[in-house]
Amino acid sequence: MIQIHTQSLQAQHWLERHRGKLPVFACVLGFTDTCLIPGISAAGKTPEDRQYTAIADAEFLAGGVRLQPDYPLPPLIAGASPVYISRAIVAALDLPVHIFNAGLPTPPTVPHIDLGGMPAACLTTGAALPLTTVERLYRQGTLWGEKLAAIAGEDSYMIVGECVVGGTTTALSLLTGLGVDALGKVNSSHPVCNHQQKAEIVDRGLAVLKLPLSPWELVAAIGDPMQVVVAGMAITASRSCGVLLAGGTQMLAVAALIQAIGDDQGLEIDMARIVVGTTNWVANDRSGDTVALARLIPQIPLISTKLSFAKSQYPQLQVYEQGFVKEGVGAGGLAIAASLYQDWGQVQLLDSIEQLLAASLAAAR
C-alpha cells in the first residue's frame, strides 16, 4: 500500500524503522490572501468559502461528524474534503492530534495552539508577512518540534500535515525563489493544474523582489505562515525522531526550505529521518510532475499511499480518480501511517473512510 518514488534506499530504511509504531500527528493551519484570487483553488467553490476551509477542516478533524457544526465543511467544486480521509484514520487509530494556528483570519473553534502568526497578504504584493512574524513562527515551530518529538519518542515519528488554501501557489513561489525549477511540476486541487495562472501570479510577486534573499526574507515576501512553522518543527524533531511531512507540492516546498535554512545557518540536519508522504493522486498527477519535482530536492524521499477510490460507492470519492481534490490535511501521510502501524490495505482504508462519509451524509439530511 506504500509506493516509493525517489531516494529508494533511504525511503525503505525509513519505512522499516517506523513499521508498527504509533505516530503523533500535528496539523498546521494557515491562510494566504492568494486563495481569494478567482479560480486559483478548488478547495471551496467561492473565495468566501475558501476563507473558512481550514477552520471547518480543523473542526471536523478534531470532532468528526456533528449535527450542528460551527463551521460546516464548505462545498467544493467537486468531491469531498480530504479531511474525511484524515479523520477516519485518526479516529480508527486513536492518534494523538495537535492542531496549530499559524495564521488564520478567524481562530479555530476546537482546542488548538496559537502560534502568534497572522494571515499572509497575497504573494503578488511581495510583502506577504512581516519578517518579525516569520521569525517568531519559525522559533515556535522549533520549540514545538522538540515537544512533539518528546511525545513521539525516539523509536517513533511525527506526522506534520497542513491546511492552507492556495498553498500550492505559495509553494511554487517559494520553490522558485529558492532556485528550484518547479514551473509546470506542481499540483493543485483542480483536475488539470492551472499552471499558467500560478506562474503569472508568482512572476508578479518575484518581480518586486531583489534576489537572493534569506529563507526567512523569502517566506516573508512571497510565502505563507505554515511554511516556516513546519520547517522549524521538522528541523528540531528530526534530531530525535522520524518526521513524515504529509502533503504534496506544499511539503516539497517545505523540504526545500528546510535545506535552505540548513545551508543558511550552517545547521546539520539529519535528512535521513525526514520523508515527504502524499496520496497517489498527487504522486501520479498527470497535470503536474511531482516525482520530477521531488528529484530536484535531494536527500528527502517522496513516498505515497496506494489508496484508491476507483471502487468507492460514493461519487464524492470517485472524483478523486478524475483529479479533483487529491490531498490535504495530512491525508496521504495518515493513510501511509495506517498501513505502517496496522498493515491496513485498500479494503480497511476505504471502508473506514466510506463509513465516515455515510455518517456525515446522514447527519446532513
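Reply: In helix H15 the buried residues are Leu349, Leu350, Ser352, Ile353, Glu354, Leu356, Leu357 and Ser360. Buried means under 20% relative accessible area, exposed over 50%, and partly exposed in between (1.4 Å probe, protein chains only). Helices (H or I, at least four residues) and strands (E, at least two) are DSSP runs, numbered from the N terminus.

Me: What kind of model is this, and how are residues numbered?

Reply: It is a predicted model, in which local features need pLDDT of at least 70 and side-chain atom pairs count only at pLDDT 80 or more, while totals for chains, interfaces and linings use all residues. Residues are numbered from 1 along each chain as its sequence is written, and side-chain values use heavy atoms, with hydrogens and water left out.

Me: Back to H15. What do its buried residues pack against?

Reply: They pack against helix H3 (53–63), helix H4 (83–93), strand E8 (302–305), helix H13 (315–318) and helix H14 (331–342). Contact here means heavy atoms within 4.5 Å.

Me: What span should H15 have, and what is the distance between its end C-alpha atoms?

Reply: H15 covers residues 346–364, and at 1.5 Å a residue its 19 residues should span 27 Å; the end C-alpha atoms are 27 Å apart, which agrees. The expected span is 1.5 Å times one less than the number of residues.

Me: What about valine 329?

Reply: Valine 329 also has a positive phi, of about 55 degrees, although it is not a glycine. It lies in the loop between H13 and H14 and, at 3% relative accessibility, counts as buried.

Me: Change of topic: at what angle do H6 and H8 pack?

Reply: Helix H6 (residues 167–177) and helix H8 (residues 215–222) pack at about 145 degrees, with their axes 10 Å apart. Axes are lines fitted to C-alpha atoms, for helices over the stretch in contact, and angles run from 0 to 180 degrees between N-to-C directions.

Me: Which residues make that contact?

Reply: H6 contributes Thr170, Ser173, Leu174 and Gly177, and H8 contributes Leu218, Val219 and Ile222.

Me: Which peptide bond is cis?

Reply: The bond from leucine 211 to proline 212 is cis, with omega near 5 degrees. Proline 212 is found in the loop between helix H7 (195–207) and H8.

Me: How many residues of H9 are buried?

Reply: In H9, 13 of the 13 residues are buried, so the helix is largely enclosed by the rest of the structure. Aspartate 224 caps its N-terminal end, with a side-chain oxygen 3.0 Å from the backbone nitrogen of methionine 226. This is a polar contact: a pair of N or O atoms within 3.5 Å, where within protein one must be able to donate a hydrogen and the other to accept it, and residues adjacent in sequence count only if both atoms are side-chain atoms.

Me: Last one: what does the side chain of threonine 125 reach?

Reply: It reaches the backbone oxygen of cysteine 122 at 2.8 Å and the backbone nitrogen of alanine 127 at 3.1 Å. Threonine 125 is partly exposed, with a relative accessible area of 43%.
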